[in-house]
Amino acid sequence: MIAVNNLFFSYTQNPFIQDMSFSVSKGEIFGFLGPSGAGKSTLQKILLGMITDYQGSVMVNRTECKHRSIDQLLQMVGLENDADKRVANYSKGMKARLNFIKALLHDPSLLFLDEPTSGLDPTNNRMMKDMILEEKKRGKTILLTTHNMQDAAELCDRVAFIVNGQIFALDSPHNLIMSKGAAKVTYAWLEKEGATLREKTASCPIDRISKDESLQKLIAENRITSIHSSEPTLNDIFVEVTGRTLV
């Protein structure tokens, strides 16, 4: 659905988006993750055809984005000289022509969502995420821009870590998390010290549980008071890989 190869773009003389390449398959939820100013919104504008003076190739549904610029579309329907007018001041015929090129810009098989859960209360947050997942079930391809790692981990098939206009990592949330160390199990039990019972804790990698003799003995003696697994969060991995936080 989307193929980006050797993309370069900057608003100034200083480098910004540099030699960026990635692809997005049909029906995939793909996340752009990064702090403010990382280049997420700029990427969306390029993919939407709002920015066309980039270098490299940006193909959306097998069409190069810069071949359908806003100016070209306005010229196609004779509205190039009215681009700065308020739509409310357009005549009925002008509005009809504008709606026509708006329909050309919009492809319902591809959705761009920029911070879709930002500022929502928990109920509406859940509703929004359920609607996004429902659109995925319908075969939609979705590009999600967010700095909410929990949303990304829950929704995205793959994510790209973006900082200063560059991709630092690209993989599924699960693979990114597991590549930095397996989850571990922490368990606690009570042990008598003199006349006092004190709680003790220990940990072991989750894939070594069967070889942890202490844990097996405590389980057999029914002395475990608590046990839980833990693993790095996607936010932990982002900080480790990029050296940046999401603020």
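1. Lysine 136 counts as partly exposed because its relative accessibility is 27%, where partly exposed lies between buried, under 20% relative accessible area, and exposed, over 50% (1.4 Å probe, protein chains only). The side chain of lysine 136 meets that of aspartate 157 in a salt bridge at 3.0 Å, N to O, a salt bridge being a side-chain nitrogen of Lys or Arg within 4 Å of a carboxyl oxygen of Asp or Glu. This pair links distant parts of the chain, 21 residues apart, with lysine 136 in helix α4 and aspartate 157 in the loop between α5 (149-155) and β8 (158-163); helices (H or I, at least four residues) and strands (E, at least two) are DSSP runs, numbered from the N terminus.

2. This is a predicted model, in which local features need pLDDT of at least 70 and side-chain atom pairs count only at pLDDT 80 or more, while totals for chains, interfaces and linings use all residues. Residues are numbered from 1 along each chain as its sequence is written, and side-chain values use heavy atoms, with hydrogens and water left out.

3. Among the 13 salt bridges of the structure is one between aspartate 130 and arginine 126, whose closest N and O atoms are 3.0 Å apart.

4. The structure holds zero disulfides, a disulfide being a pair of cysteine sulfur atoms within 2.5 Å. For cysteine 156, the nearest cysteine sulfur is that of cysteine 65, 20 Å away. Cysteine 156 counts as buried at 7% relative accessibility.
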